[in-house]
Structure formats: C-alpha cells, structure tokens
Amino acid sequence: MSTCDDGHLAKKLKTDCFRIEAVLSDEYSSTVQLDAAVACDIVDKRATSKVTRQLSLCYPLPHWSHLKRVTLNSETDSARCGRNSILVCSLPHSDAGCGEPVIPSKEVLFSGKDVDIDALTDPYVVMVPRCQPLTRSQFEICRKHWSTAFHEDKYITRMMSEEIFSQTELSIIKDYIIQAVNLAVKGQENGGLAIGCLVVDPVTNTIVAKATDLRHVHPLQHAVMVCIDAVAKQQGGGTRKEAASVLNSSPISVSCRQETNPVAYLSTGFDVYISREPCVMCAMGLLHSRVRRVFYQSSYCDGALGSRYKLHTIKSLNHHFEVFKVTTCQTDEVLVEDIQPT
C-alpha cells in the first residue's frame, strides 16, 4: 500500500504473504558507469613488470585506484587474445570543438617519458568501470570490461538476498508489523490518521512503547514522535503530559546498549515498527533517539526512508540505522476510510 497524502485507507493484512526488503543506499543498486581509457598490449609478457613501473611513474591513475593496471585480454575474436593489456591513461578529447575522442600514437603518448615503447603495441580504446563495485552483480559487469578490485560485504549481500533473518526473526517481525497496522486501524477509528508505531527491545522481545497518530490533537504529534516521547518519559524525560496512546508497563532494557553507559540514550539499540514510512521529521527523530532498525509496511511519497529520501544512508550524519520495508498482501476490504481536511 502506498499513499501520497495523509488521508489513506486502513486495511487488514493477509498474514500469508510477507517479504522484507532492505532499503539501502542507491549506490548498491546503481548501474555501472564506464569511462573511456587508453590501453596497450604488452608484446612480451616478461616485460610486464618493467612497463608497469614505468607507466606508474609517468601516468599515475589515482582516480582509478580500484582498477588493476594490467589485465589479461580475453577477446577470443581478437589477435590480442591471451596478451597482457595495460592501462595507460584517460582518453583525451579533441580540441576541435566536436568533442570526438582521439587515440594518440605511442610516440605522442610517451614523448619525453621513460617508457619502453617497443614493448607495447599501438594504443586502443577500452571502457573501464568508473567506480569500485559494491555488489557481486556490479562486479560481474565490471570484470567484463577490466580487472577490478572487489571486496564483498557479506552482510550487505545477505541483506540484498533477504537471507539476513532467521525464520524465528521473520515470525517476530511479521507479528510486530501486524500489531503496528492494527494500531493504525484503531487510531483511525478514534479520529486520527491511520498510522501506528511500536518501539521494541529486541533483547527481551518486549514492546517498550506504542502509539497512534495524534496530529488531529496537535500537528506535531505524529505517531513516531509520540512513541519516541513515550520512551523518553520512561527515562524521566519527555514533553507530553499525557502518556502515549498505549504504553507497555515493562521497564526498558539496557542490555543491548553501550556497556560503558548503563543509562542509555533514549531508543539506543531498539527496533521500531511503523505502519507507514515516516516523514523527514519523524525519521530525524528516530536518528536522534539512536534506534537500531526501522521496519515499515507502506510507502509514502514524501517518506524519508526510501521514497523521497534515504535519510538513513547520508554518510555525514552522526548515526545510522538499518531500514526494511515489509511488503504484505492485503484484502480488498476497506475497513476504515480516513479523509482528513487539508
């Protein structure tokens, strides 16, 4: 279910169709970008080390540090097949104004440079990966063009393959998402928007706080903000005089937090389950309260955790958390229709 306004429909969920998708930085799903480069073949493989040293001095490639200087030419339909190919430099462009690339001769490339040009063939153009691959699929594309360094992040690979959760964990996530959606339905029945939120301590598997959306009472009392405030209230803080819509009586566990700080900060180490993708304000509230993971069920066109922004992936921020979208099957029966005035 996806919505671009605050007047969306609350529905019961089927429980036989759940899929959990990690919301990652765009760099993990981006297409491989290629740059044009000049390469030569090494006539005698025994000269590879010498030529590599020479080119590294006269043509360093700091912007292509992820590329190997030498690769084995595997073009089966080419006379170069089986030879070592060496990367020389970026492909220069013509100054004639048309921007057409030109392939310089060996004499021009290595004029005044200490390079054994007799050990190299005439230069030619190759397309090489612009950036280091981050995923296995990107690497497989890159290696077809040029030998590339690749250090696989096994954890990211598991996240992308949906194998990061055990069956027990999947069952727990499923249960809490259903509870969040049910909270949204109840909140809607009480005159609020159809958004529910739970904060869960994953160590004790207990609900620390849960809330419905109360912005019909005050415009800033989004379900997420009410829930964060409820957690703060249990730690002697909080700004609301009232408790959240529903509060669990269990004390907050600090066992999953920093061992050096027994009085942990707000939601450090906690998981948050939301029926709808949070807005920028709520996402920043989650960031500042130091949550561990966020699960949400429906997308929101102005959402900050996947739809319009991916706030949790901004590297300059001082805290990062994992985000997962839980895709579910839904019935066609509309239980409650929430049409709020704008």
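The protein chain holds 7 helices and 12 strands. The model is predicted. Of the 342 residues in the protein chain, 45% are buried. Among contacts with a separation of 6 or more, 65% join residues 24 or more positions apart.

**The open sheet**

An open sheet is built from 4 strands, in the order β4-β5-β3-β6. Their pairing is antiparallel. Its edges are β4 (70–72) and β6 (124–129), each of which pairs on one side only. From one strand to the next, the twist averages 45°.

Strands of a sheet pair through backbone hydrogen bonds, either parallel or antiparallel. Here, β4 and β5 (residues 84–90) pair in the antiparallel sense over 3 bridges. V70 stands opposite I86 in β5.

A helix accompanies these strands. Helix α1 (residues 48–58) lies across β3 (34–42), β4 and β5. Relative to β5, α1 runs at about 5°.

**The nonpolar cores**

In soluble globular proteins, nonpolar side chains tend to be buried together. The largest nonpolar core in this model has 32 residues. Within this core, V272, I274, L286, V294, L305 and F321 have the most contacts. Six elements are tabulated below; each gives two or more residues to the core.

| Element | Residues |
|---|---|
| β7 | 196–201 |
| β8 | 206–212 |
| α6 | 223–234 |
| β10 | 271–276 |
| α7 | 280–288 |
| β11 | 293–300 |

The most comes from α6, which gives 7 residues.

What does I274 contact, leaving aside its neighbours within four places in sequence? Its partners include I177, A180, I195, G196, C197 and V224. L286, V294, F295, Y296 and Q297 are also in contact with I274.

A second core is separate and has 21 residues. Among them are L24, I177, L198 and F324.

**The α6–α7 pair**

Two packed helices are described by the angle between their axes and the distance between the axes. For α6 and α7, the axes come within 9 Å and cross at roughly 25°. Angles under 35 degrees count as roughly parallel, so α6 is roughly parallel to α7. The crossing of α6 past α7 is left-handed.

Which residues meet where these helices pack? From α6 come V224, M225 and I228. On the α7 side they meet M281, C282, G285 and L286.

How values were computed:
Residues are numbered from 1 along each chain as its sequence is written. This is a predicted model: local features need pLDDT of at least 70, side-chain atom pairs count only at pLDDT 80 or more; totals for chains, interfaces and linings use all residues. Side-chain values use heavy atoms; hydrogens and water are left out. Two strands pair if DSSP finds at least two bridges between them. Axes are lines fitted to C-alpha atoms, for helices over the stretch in contact, and angles run from 0 to 180 degrees between N-to-C directions. Contact means heavy atoms within 4.5 Å. A nonpolar core is a set of buried Ala, Val, Leu, Ile, Met, Phe, Trp, Tyr and Cys residues joined through side-chain atoms within 4.5 Å. Buried means under 20% relative accessible area, exposed over 50%, partly exposed in between (1.4 Å probe, protein chains only). Angles under 35 degrees count as roughly parallel, over 145 as roughly antiparallel, 65 to 115 as roughly perpendicular and the rest as oblique. A crossing is left-handed if the near helix is turned anticlockwise from the far one by less than a right angle, and right-handed if clockwise.
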